[in-house]
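Open the model in your viewer and keep the selection panel at hand.

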Amino acid sequence: MAVKDIMDALRGETLEDIGLKENLAQLVKDIKLIGSELDVLLYTPKKGLEDILRAKVQNALSDVPDVKKVNVKFTETPPQQAQQGAQIPTGQPAFTKRKVPGVKHLIAVGSGKGGVGKSTVAANLALALAKLGYRVGLLDADIYGPSVPTLLGLKGTRATVNERNRIVPAEKFGIKVLSIGFMLPSEDTPVIWRGPMLMKALTQFLFDVDWGELDYLILDLPPGTGDVQLTLAQNVDISGAVVVTTPQDVALADVKKATSMFKEVQIPVLGVIENMAYFICPSDSQKYYIFGKGKTAEFASAYGLKILGSIPIDPEVSERSDKGEPIVVENPESEVAKAFYGIARIVTQELS
Ligand SMILES: Nc1ncnc2c1ncn2[C@@H]1O[C@H](COP(=O)(O)OP(=O)(O)OP(=O)(O)O)[C@@H](O)[C@H]1O
């Protein structure tokens with residue numbers, strides 16, 4: 001993880017040679033990593049040490065992978081813990097989380113595991129919020145398999161830039177939509193972004209976009225808890241996260257990791273969405289809990305999490321998704337759509 005590497009490298013740099021008892025990490029007041037460019041705000045206990053401290057930071061970080069440029073600024077205000085006379089911090093720094101301009105609430109949709117329906121949930125949650133009257137955007141940051149263009153019938157859409165050099169989102173079903181898929185030359189192009197370049201693309205996709213004024217921006221994250229999710233979570237002001245799972249042991253095991261990741265970076269987990277929770281048999285209208293009943297509830301209560309809603313498994317979802325006809329819009333009376341409307345209402349209450 002880039003941030004841990006950075007702090008470890010700074011911690012390894014003692015300053016006795018310039019008369020300070022601290023190591024470099026203990027002087028860090030703030031730190032921000034966007035793409036491969038790192039901004040460090042450093043406390044200077046004595047005037048006149050700026051140049052040497054700058055050189056020491058740059059030297060300490062020269063071997064850290066993913067950091068290509070280091071900008072050092074100085075402050076005379078000590079880090080908070082030092083001001084209070086407490087131990088100087090040795091752990092993770094406080095991050096400067098950037099707010100997406102014009103967006104009231106940014107909601108991250110994550111999952112521990114791939115294929116649990118995260119993108120389906122992100123898209124239908126966005127549409128349900130829009131149907132409830134909110135101004136909504138959807139950002140598909142799932143670099144490994146951007147499926148929003150298919151889900152919303154936007155295949156072939158390409159990103160355009162306006163006269164102010166800002167990316168213009170597409171508009172469909174009353175929401176603003178941007179997908180990393182709009183950046184790829186074709187659907188079959190393999191995604192080869194990695195590390196810093198990928199981070200740059202993702203941060204551009206949040207901050208260099210003409211979102212206008214939005215009540216909610218839904219961020220469809222890649223599945224899992226990799227560096228991408230963590231770096232985004234650390235650098236972007238996210239109001240809350242929802243975690244999508246299916247009620248299977250393999251999926252729930254990974255949800256624990258995703259939940260812990262959000263907690264670690266101080267993003268409130270609004271709750272868990274249980275997808276493919278049961279099947280309603282068309283012949284007898286009975287609910288059949290294909291993957292077992294109660295597992296998600298057990299998990300949620302063990303972790304003190306709310307279940308925001310349970311969505312049935314319904315072939316209509318996948319059929320319509322493949323045709324770019326989201327179920328919330330095309331069949332709002334279906335059980336699945338009703339579940340999404342319920343979830344949307346709870347999410348708005350949680351954030352109000
Ligand atoms: N409730 C549901 N009922 C039936 N099919 C569903 C349901 N939810 C999702 N699906 C289907 O499951 C498949 C996977 O869904 P989706 O692409 O949303 O998952 P994902 O978690 O985003 O996957 P990935 O990790 O690949 O991004 C799709 O074919 C989708 O149509």
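**Stop 1: the ligand shell**

The shell around the ligand holds seven nonpolar, eleven polar and three charged residues. Here Ala, Val, Leu, Ile, Met, Phe, Trp, Tyr, Cys and Pro count as nonpolar, Asp, Glu, Lys and Arg as charged, and the others, Gly among them, as polar. This is a predicted model: local features need pLDDT of at least 70, side-chain atom pairs count only at pLDDT 80 or more, and totals for chains, interfaces and linings use all residues. Numbering starts from 1 along each chain, as its sequence is written.

Select Gly 114, Gly 117, Ser 119, Thr 120 and Ser 318: of the 21 residues around the ligand, these come nearest. A residue is near if its C-beta atom, placed from the backbone, lies within 6 Å. Next, show helix H4 (118-131) and helix H10 (315-323), which each supply at least two shell residues. Helices (H or I, at least four residues) and strands (E, at least two) are DSSP runs, numbered from the N terminus.

**Stop 2: the domains**

Colour domain 1 (2-83) and domain 2 (103-351). These bounds come from an automatic or database domain assignment. The C-alpha centres of the two domains are 37 Å apart.

**Stop 3: a parallel pair**

Select strand S2 (residues 37-43) and strand S3 (residues 69-75). They run parallel, joined by seven bridges; pairing takes at least two bridges in DSSP. Leu 38 has Val 70 as its bridge partner in S3.

**Stop 4: confidence**

Colour by pLDDT, the predictor's confidence in each residue, from 0 to 100. The protein averages 86, and 90% of the residues score at least 70. For the complex, the predictor gives an ipTM of 0.97 and a pTM of 0.75.
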